[in-house]
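Please open the model in your viewer and keep a selection tool at hand.

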Amino acid sequence: MYLTHLDCPRCGREHAADQLHNLCECGSPLLARYDLPAVAKAVTPEHFPLRPADLWRYRELLPVADPRHVTTLGEGWTPLLRVPTYGAEIGIEDLMVKDEGLIPTGSFKARGAAVGVSRARELGVQRIAMPTNGNAGSAWATYAARAGMGATIVMPLAAPGICRRECVAAGADLRLIDGLIGDAGRRVAELVAESAGAIFDAGTLREPYRLEGKKTMGYEIVEQLGWQPPDVIIYPTGGGVGLIGIHKALHELRELGWIGDKLPRLVAVQSTGCAPIVRAFAAGEERARPWADAQTVAFGITVPAPLGDELILAALRASAGTAVAVDDADILADLRDFAGREGLLLCPEGAACLTAARQLRAGGWIRAGERVVVLNTGAGLKYPETVDVSGVPVLS
Ligand SMILES: *Cc1c(COP(=O)(O)O)cnc(C)c1O
Ligand SMILES: [Zn+2]
């Protein structure tokens with residue numbers, strides 16, 4: 001294993017990687033660091049196509065020492081689809097969708113869960129707990145079951161019903177809460193404190209390895225494009241783990257010498273019903289203030305006070321990116337327009353990225369001829385309410 005230590009991006013303190021850690025003493029999430037010069041000696045880009053089509057093909061850049069601890073359901077290596085018909089419609093000829101809807105548990109949360117659960121198992125964790133907007137709970141409950149680990153999941157009542165069922169099916173201790181993810185987080189903190197060390201808090205960015213699983217989206221996009229990064233990557237941002245992870249992955253690839261200096265501009269997409277990052281970005285702030293009365297059809301990105309706000313905003317600025325808020329009505333209209341033209345039913349969070357792409361192209365921020373990758377972070381099948389079928393005739 002090439003993992004060396006955990007770094008605090010805020011205060012610079014280093015932490016040992018062979019022990020369990022949550023946040024740094026200063027309150028910041030921690031980032032896993034590797035001996036990249038040694039990785040570059042051990043493996044080159046030519047090796048990867050010979051390996052299995054899942055995220056473990058990047059094992060030198062992942063934090064699991066013993067292969068027996070790898071907990072997998074075949075996650076990763078999702079298709080990067082060209083969508084020329086819809087692309088031409090919105091003036092982005094070279095538009096691509098990375099379809100994370102094909103992953104186990106129906107969302108890219110499986111990437112973070114596979115790596116996070118594997119590492120937690122390696123470090124001796126017996127039970128994890130987390131607040132979730134639905135998909136993270138589904139994924140972590142599923143991978144925890146496969147690893148023989150307990151899972152306590154706290155989820156808002158308004159989260160997609162299928163996520164509840166997935167948690168129950170996987171044998172998780174599921175609790176529902178009449179509130180938002182922040183309220184669920186407070187309940188998890190109580191449960192963890194009462195457990196006297198028996199429960200490990202695996203909430204978003206509260207442990208460093210979920211990020212390591214999600215960063216593999218960045219490696220895959222680049223490998224799938226022949227080690228040529230695209231011009232723009234558009235990401236639906238809730239907790240921001242995927243965005244921070246893709247940013248981290250791109251910098252690791254650059255340090256490894258596997259890509260050049262020019263990196264993609266990263267775009268954080270939020271809903272106008274919950275846009276703390278967009279507001280902070282526009283105001284030039286380093287931290288985001290909590291969003292009041294958060295509500296959007298894109299439930300996975302309803303995160304009023306993301307813990308990784310500093311890291312998200314830094315990644316957007318470092319990449320010369322931007323942050324965009326889009327309306328729910330536009331998200332749903334674009335979701336249906338896209339399905340009609342390309343035949344793929346997106347999740348609302350993925351559709352929000354198309355709305356953002358369309359608006360950024362119309363405003364000139366995305367230029368003609370640029371290659372743009374949009375993340376569809378989950379399966380449209382998990383959100384049956386996005387398509388109205390009440391007008392469909394019933395034959396007699
Ligand atoms: C969790 C989630 C997101 C947001 O992911 P973050 O990494 O927390 O920003 C986006 N889309 C879907 C479908 C999700 O489940
Ligand atoms: Zn710190």
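Begin with the second largest pocket, whose lining residues divide into 10 nonpolar, two polar and five charged, where Ala, Val, Leu, Ile, Met, Phe, Trp, Tyr, Cys and Pro count as nonpolar, Asp, Glu, Lys and Arg as charged, and the others, Gly among them, as polar. Before going further, note that this is a predicted model, in which local features need pLDDT of at least 70 and side-chain atom pairs count only at pLDDT 80 or more, while totals for chains, interfaces and linings use all residues. Residues are numbered from 1 along each chain as its sequence is written, chains are lettered from A and ligands numbered from 1 in the order in which they are written, and side-chain values use heavy atoms, with hydrogens and water left out.

**The second largest pocket**

About 280 Å³ of space lies in this second largest pocket; to find its centre, select L31, R33, K248, H251 and E252, the closest to that centre of the 17 lining residues. A pocket here is an open set of points on a 1 Å grid over the protein atoms alone, with protein on both sides within 12 Å along at least five of seven lines, whereas a cavity is a set of points where a 1.4 Å probe fits but cannot get out; lining residues have an atom within 4 Å of a point. Grid points are joined across faces, edges and corners, and a volume is the space filled by probe spheres set on the points. Strand 3 (31–34), helix 1 (36–42), helix 9 (241–256) and helix 11 (309–318) each supply at least two residues of the lining, and helix 9 gives the most, with six residues. Helices (H or I, at least four residues) and strands (E, at least two) are DSSP runs, numbered from the N terminus.

**The largest pocket**

Helix 6 gives the most, with six residues, and the lining as a whole divides into 19 nonpolar, 14 polar and seven charged residues.

**The cavity**

The structure holds one cavity of 30 Å³ or more, and about 50 Å³ of space lies in the largest cavity. Select L20, H21, G116, R119, A120, L123, F200, E207, P208 and Y209 to display its lining, to which helix 3 (residues 109–122) gives the most, with three residues.

**Ligand 1**

Centre the view on ligand 1 and select K109, Y235, G238, G240 and T377, which come nearest among the 17 residues around it, a residue being near if one of its heavy atoms lies within 4 Å. A polar side-chain atom of Y235 lies 2.6 Å from an oxygen atom of the ligand, and an N or O atom in the side chain of N135 is 2.8 Å from a ligand oxygen atom. At G242 a backbone N or O atom lies 3.1 Å from an oxygen atom of ligand 1.

Buried means under 20% relative accessible area, exposed over 50%, and partly exposed in between (1.4 Å probe, protein chains only). Just after helix 8, G226 takes a positive phi of about 70°.

One of the buried residues of helix 8 is E223, whose side chain is joined to that of R57 by a polar contact of 2.8 Å; a polar contact is a pair of N or O atoms within 3.5 Å, and within protein one must be able to donate a hydrogen and the other to accept it, with residues adjacent in sequence counting only if both atoms are side-chain atoms. R57 lies in the loop between helix 1 and strand 4 (80–82) and is buried, with a relative accessible area of 3%.

**T152**

Finally, select T152 in strand 7 (residues 150–156), which counts as buried at 3% relative accessibility. A polar contact of 3.0 Å joins the side chains of T152 and R127.
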